[in-house]
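Please review the structure shown below.

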Amino acid sequence: MKIHIIGCSGSGKTYLAKLLSSKYNIPHFDLDDIQWDQNAAEYGTKMPVEKRNALLQQILSKQDWIIEGVYYAWVQQCFQDADKIYVLDMPKYLYKSRILKRSVKRMIGLEKGKKETLKSVCDLLKWTDTFQKNNLKEIKQILEKYNTKVVWITSKKELSKLIDE
């Protein structure tokens, strides 16, 4: 089984990926881990493209996977190879509140995560508006050719229903 989950930050991608990974005993991969150099001294340093692409190919070569992230321009093969594509298009209040909650937890050490700063969190909150307004339209166009395997999730209720299946 190969599942791709896409949506803006705070939409519940990692949450869904972890649940499905546990439910089906399939490895889960966060595209942030191959897009961003987690060992770089500064937050926001991108992984070299060649290395990123090689890491993605390693994941795609596996028999089963769950891949989640906001990216779509460089993950076309993920969409092609996936058996199911979940698009999380959640309400603004929900993803913004989740981003803030997660960031506070990380800053005070209650949650392990990326080296965020107050500025990077503010930038992320602004970026999510652009993602929802512009990028999601592009994603919808890209995914049209895969519409038989695409599921749009637009509420917590729909997400709960999916998890309970």
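The points that follow are grouped by topic.

The model is predicted, so local features need pLDDT of at least 70, side-chain atom pairs count only at pLDDT 80 or more, and totals for chains, interfaces and linings use all residues. Residues are numbered from 1 along each chain as its sequence is written, and side-chain values use heavy atoms, with hydrogens and water left out.

**Helix H1 with helix H7**

- Helix H1 (residues 13-24) packs against helix H7 (residues 156-164) at an angle of about 15°, and their axes are 10 Å apart. Helices (H or I, at least four residues) and strands (E, at least two) are DSSP runs, numbered from the N terminus. Axes are lines fitted to C-alpha atoms, for helices over the stretch in contact, and angles run from 0 to 180 degrees between N-to-C directions.
- H1 is therefore roughly parallel to H7; angles under 35 degrees count as roughly parallel, over 145 as roughly antiparallel, 65 to 115 as roughly perpendicular and the rest as oblique.
- The crossing of H1 and H7 is right-handed, a term for a near helix turned clockwise from the far one by less than a right angle; anticlockwise is left-handed.
- On the H1 side, Tyr15, Leu16, Leu19 and Lys23 meet Leu159, Leu162, Ile163 and Asp164 of H7, where contact means heavy atoms within 4.5 Å.
- The contact of H1 with H7 has six nonpolar, no polar and two charged residues. Ala, Val, Leu, Ile, Met, Phe, Trp, Tyr, Cys and Pro count as nonpolar, Asp, Glu, Lys and Arg as charged, and the others, Gly among them, as polar.

**Helix H5 with helix H6**

- Helix H5 (residues 92-107) and H6 pack at an angle of about 160°, with 11 Å between their axes, so H5 is roughly antiparallel to H6.
- H5 and H6 also have a right-handed crossing.
- Residues making the contact include Lys92, Tyr95 and Ile99 of H5 and Leu118, Asp129 and Gln132 of H6.
- By class, the contact of H5 with H6 comprises eight nonpolar, three polar and four charged residues.

**Cysteines**

- The structure has zero disulfides, a disulfide being a pair of cysteine sulfur atoms within 2.5 Å.
- For Cys8, the closest cysteine sulfur is in Cys122, at 16 Å, too far for a bond. Cys8 is buried at 1% relative accessibility; buried means under 20% relative accessible area, exposed over 50%, partly exposed in between (1.4 Å probe, protein chains only).
- For Cys78, the closest cysteine sulfur is in Cys8, at 19 Å, too far for a bond. Cys78 is buried at 0% relative accessibility.

**Selected residues**

- His4 lies in strand E1 (residues 2-7) and is buried, at 0% relative accessible area. Leaving aside neighbours within four places in sequence, the contacts of His4 include Leu31, Trp65, Tyr71, Cys78 and Tyr86.
- Gln132 belongs to helix H6 (residues 118-143) and is buried at 17% relative accessibility. Beyond its neighbours within four places in sequence, Gln132 is in contact with Cys8, Asp89, Met90 and Tyr95.
- Asn135, in helix H6, is buried at 16% relative accessibility. Asn135 and Cys8 are 127 residues apart in sequence, yet 9.2 Å apart in space, C-alpha to C-alpha.
- Asn25 is not a glycine, although its phi is positive, at about 55°. Asn25 is in the loop between H1 and strand E2 (28-30) and is exposed, with 72% relative accessibility.
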